[in-house]
Structures are given as structure tokens and as C-alpha cells.
Amino acid sequence: CQDAKAGKIKLLAGWSEPLLPSLCSEEPLLLAELKPGRPHQFDWKSSCETWSVAFSPDGSWFAWSQGHCIVKLIPWPLEEQFIPKGFEAKSRSSKNDTKGPGSPKEKTLDCGQIVWGLAFSPWPSPPSRKLWARHHPQVPDISCLILATGLNDGQIKIWEVQTGLLLLNLSGHQDVVRDLSFTPSGSLILVSASRDKTLRIWDLNKHGKQIQVLSGHLQWVYCCSISPDCSMLCSAAGEKSVFLWSMRSYTLIRKLEGHQSSVVSCDFSPDSALLVTASYDTNVIMWDPYTGERLRLLHHTQLDPPMDDSDVHISSLRSVCFSPEGLYLATVADDRLLRIWALELKTPIAFAPMTNGLCCTFFPHGGVIATGTRDGHVQFWTAPRVLSSLKHLCRKALRSFLTTYQVLALPIPKKMKEFLTYRTF
């Protein structure tokens, strides 16, 4: 990532030592920053925002929508001289993954349109071998990692990560494809959310066949998230309510109502037991997706008083995401702050100053948060790295296959049921 094509990388701070949950009050440290190189000369419709960033599920690649119709695919970890001592990417498990001849190289994907959404397929994904073989019969039968890109013109382009080749072009949406999400099971089912007020379901194992259109939203759909157990789909539009859909029947399960303004981001916990939604009303709501119960409200209070009497909500939320172990949340707001929240607390445990933030995501093995900005930059921050308690690990394991109703039906003490259903934090 050092070369001019990748843009500039600036190391700004070292790595912090792992912290216990009760001690995680230090500000996140800025580890590194990616900046676009000299912008290409496109027409006036092009923009430079980083609307989306994503790590591959195994942590071996980072995708950066850097604006001007370009996506950068960057091998992770970054060049060794930029990685603070003590950080190791667990995804690197073979000698072939080390830096050197034949190792993965950064790629530039010219999508031809402004890129709004990014999503990696699960890795390894056995069905992807069929997709690869179908389009490249001369290539040996190997598994491949896929990146989906949602574009300004309503198209979805599917890329093979290792080679940067375009595999498929999915057409159907009539407006911007704002967000994308693959089913975590590896079935290569892709969900897309669009400004045309619909969500569409695609099967990449069937040449990208569109298998369902989900209608019902009255405003642009900003975000879609599939639960890790692949049973539910959440969609957030420019409305006060959030829609929950069944991923088995593709029908609406319920609407979650509680926000006072447009909901713009949503994410499921790693065990599928919790759902968080972020809104322009400056609040994050934590829900039980099975019962529709509102469990907690996280209010984004301004640290500094406003400079004028403007009605603009400078704490409007842009993005929310769960940490990979499910103990923390990260949020990005218009008040120029990245916040980190502990699951059991109602106030943030840490803040970091960032300008014009738009999106955030955790590294899949923890310890790092990536954020994207309106300037086309990506920043990497330290995040809490802790050992989960045995209680939390047991809860996470049980909730990965038990619904709230199934837990409540168990012949166990009431306090245990409350803990397993996140009624006690």
C-alpha cells in the first residue's frame, strides 16, 4: 500500500495493550490512515466519499471505496513496517501468505460508477468454486473470495478478489444500490438495498438470478443486515421504523418502531440475539429481534455546546456495528466523534476525534476499527481486545441456535433466563 496508486499511508500511533472491560476508557489510537492519490478526472457526477469499507470474513483483505468510482483491494495486514508491534493477523496461516514473491497484491477495481456498497462473500465458500469454474473453465477448480459492489446506476458488479476479474453484472435496481450483504452460511445468496425503495435477493450460484424483490419501504433503503444464523434480514430506510424479514420465506416478520427520525444503519450481534439500529435522531436502539422488545437506548450527547441555534442535529448517527465477540459497539456520528460502547453500559467508554465520518466496521478478529470519511480517507483505530468471560461465551454459544422464546421455555431459573436473553447487562 505504499505505492502512489494506493495512496498515502500515514502511521500516526502505536498499538495499545489489551484492556479489561472495566479499564477500556482510553481513547482509541489512530494506527494508520489511507488517503486517495491524485483524483482522476471524471465528470461532475463523480464524488470522493468513502461510503463503505469492509474486511473479508477471514481478515485477509480490506476493501476501500475511495471515491471517484474506484475500489481498492488491499491485502491485510498492511505492509509490515506500518503494523505496530504486538498485532498479528490470525488469518495468515500459511507460508504463502507472507509478504514476498507470489503473495497477494493490491488491486484497483474501476467500477465506472460511484460505489456506495461493498460486501465480501464468506471464505472459504465451496459454492464459489462452481461460480469460478462456470466463468473460467480453463482454471483449476479452486475456491475464490468474492466482492460485491453496489453502484450509483443501480448495477451490482461481482468481482473475484484474487485476480480482480469481473465475474457478474447484476441488473434490476432502478436507483443507487446503497448496501449489500451476503448470507454468512456461504450459500452465495446476496441481498441488496437500494434508493428505489426495494431490497432484492440474488443467487450467485444461479448466474446471479434475482429470486425475490422485497417491497414495503416508502423511502430510500439505506442499510441491510443478515443475522449470523441466516434466519432474519433487517432493513433500514429513511423512515422511523425498521423492517425485519424472514430469510426463509422472504416475508415481513414485523416492524420495529421507536426512533423519532430516519434510521440509517443496523447490525446484528454475532449470536443473532440482539439487533442495533442507528438514526438521525441521535439514538441507537438495542432490540430483541425475536420479540420486538426495546432493550436499551444509547443517546449520543454532544460533548460541546452548539455554536449557534441551528436545528441541525450535529449528533446524527451515520453507522453502527458490533464487535466480533459481541461485547462492544462502535458508532460514527456527525459530531466528529467515533464512540465505543460496552454492551452493559449506557454511556460510551471511549471517544476518538474524526472528521466527516460516514461508516465503520470492526476487523473480524478484533482489535481494529476501520472508518471511512467524506474526504475519501480510511482510518484504522485501536479497539478493545479482551478475553470474553465464560458466562458470555456460554450465552453466545446457546443464543446462536436458541431463539428468545426457546430460552424462556427452558426449565432454568429466572435470573439465568434474563441473562441469556440480555435482560440483565
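This is a predicted model: local features need pLDDT of at least 70, side-chain atom pairs count only at pLDDT 80 or more; totals for chains, interfaces and linings use all residues.
Residues are numbered from 1 along each chain as its sequence is written, and side-chain values use heavy atoms, with hydrogens and water left out.

View 1. Helices (H or I, at least four residues) and strands (E, at least two) are DSSP runs, numbered from the N terminus. Of the 425 residues in the protein chain, 57% are buried. Buried means under 20% relative accessible area, exposed over 50%, and partly exposed in between (1.4 Å probe, protein chains only). Take the contacts between residues at least 6 apart in sequence: 53% of them join residues at least 24 apart. Contact means heavy atoms within 4.5 Å.

**View 2. Four strands form an open antiparallel sheet in the order β11-β12-β13-β14.** The edge strands are β11 (177–182) and β14 (209–214); each has a single partner strand, so one side of each is left without a neighbour in the sheet. On average, neighbouring strands of this sheet are turned by 20 degrees against each other, direction ignored. Axes are lines fitted to C-alpha atoms, for helices over the stretch in contact, and angles run from 0 to 180 degrees between N-to-C directions. β13 (residues 199–203) pairs with β14 in the antiparallel sense over 5 bridges. Two strands pair if DSSP finds at least two bridges between them. Trp202 has Gln210 of β14 as its bridge partner.

View 3. Residues 147–169 are 0% helix and 65% strand, with end C-alpha atoms 12 Å apart. Residues 170–205 are 0% helix and 50% strand, with end C-alpha atoms 13 Å apart.

**View 4. Ser272 sits in the loop between β19 (263–268) and β20 (275–279).** Its relative accessible area is 1%, so Ser272 is buried. The side chain of Ser272 reaches the backbone nitrogen of Asp229 at 3.0 Å. Beyond its neighbours within four places in sequence, Ser272 is in contact with residues including Ser227, Pro228, Met232 and Tyr290.

**View 5. Tyr290 occupies the loop between β21 (283–287) and β22 (294–299).** Tyr290 counts as buried because its relative accessibility is 11%. Ala273 is 17 residues away along the chain, yet the C-alpha atoms of Tyr290 and Ala273 are separated by 7.8 Å. Outside four places in sequence, the contacts of Tyr290 include Arg254, Ser272, Arg399 and Tyr405.

**View 6. Thr371 lies in strand β28 (residues 368–373).** At 0% relative accessibility, Thr371 is buried. A polar contact of 3.0 Å links the side chains of Thr371 and Trp381. A polar contact is a pair of N or O atoms within 3.5 Å; within protein, one must be able to donate a hydrogen and the other to accept it, and residues adjacent in sequence count only if both atoms are side-chain atoms. Leaving aside neighbours within four places in sequence, Thr371 also has contacts with Cys359, Cys360 and His377, among others.
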